[in-house]
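Please look at the sequence and the 3D structure below before reading on. The briefing that follows takes up a few topics in turn.

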Amino acid sequence: MNTYIHKTSQRLRVRSDYIRHHPKAVMALIEQLQQIDAISNIKHKYHAGSVAIHFDREELDCDSLLEILETHEWTKSDEKPSFVENAVVNGTKTLTKGLATMALKRLVGPSVSRMIMSF
């Protein structure tokens with residue numbers, strides 16, 4: 001999942017892999033954030049990996065709040081390859097193997113290439 005950040009004048013929503021995979025650390029910071037008078041409401045959607053924070057813009061600005069979340073790694077995403085990246089890598093491997101097999105069959109003949117490919 002890519003990190004998603006949506007800012008308005010009174011709300012900040014962050015969705016990330018870190019929030020989804022580290023619920024205890026996220027809940028610990030949420031409890032700390034709830035102690036801040038400028039923050040009126042925090043909604044944590046565990047399965048979505050999302051947290052929305054409503055705040056008073058006269059007392060707290062969105063960029064300062066985002067900076068706090070960044071220092072606690074909420075905006076960090078996993079370095080797992082996406083579905084498309086996996087498909088491209090696997091497709092490239094299959095194509096390369098197919099081309100190598102075709103070249104081998106032409107070079108040494110089908111019966112010898114079957115024997116070599118079986119190893």
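In this predicted model, Lys-7 forms a salt bridge with Asp-63, and the closest N and O atoms of the pair are 3.0 Å apart; a salt bridge here is a side-chain nitrogen of Lys or Arg within 4 Å of a carboxyl oxygen of Asp or Glu. Lys-7 lies in strand β1 (residues 4-7) and Asp-63 in helix α3 (residues 62-71), so the pair ties together parts that are 56 residues apart in sequence. Because the model is predicted, local features need pLDDT of at least 70 and side-chain atom pairs count only at pLDDT 80 or more, while totals for chains, interfaces and linings use all residues. Residues are numbered from 1 along each chain as its sequence is written, and side-chain values use heavy atoms, with hydrogens and water left out.

**The salt bridge**
- The structure holds one salt bridge.
- Lys-7 is partly exposed, with a relative accessible area of 43%, and Asp-63 is partly exposed as well, at 47% (buried means under 20% relative accessible area, exposed over 50%, and partly exposed in between, with a 1.4 Å probe and protein chains only).

**The chain as a whole**
- The secondary structure comes to five helices and four strands, where helices (H or I, at least four residues) and strands (E, at least two) are DSSP runs numbered from the N terminus.
- Along the sequence, these elements follow the pattern β-β-α-α-β-β-α-α-α.
- Of the 119 residues in the chain, 26% are buried.

**Helix α2**
- In helix α2, which spans residues 23-33, the residues Val-26, Leu-29, Ile-30 and Leu-33 are buried.
- Seen down the axis of α2, these buried residues fall within an arc of 105 degrees, so they line one face of the helix; the arc is that of the directions from the helix axis to the C-beta atoms.
- An α-helix has 3.6 residues a turn, so residues three or four places apart point the same way.
- Lys-24 and Gln-32, on the other side of α2, are exposed.

- Glu-73 is placed in the loop between α3 and α4 (83-108), and at 37% relative accessibility Glu-73 counts as partly exposed.
- Although Glu-73 is not a glycine, this residue has a positive phi of about 70 degrees.

**Strand β3**
- Lys-45 has its place in strand β3 (residues 39-45), and Lys-45 is partly exposed, with a relative accessible area of 42%.
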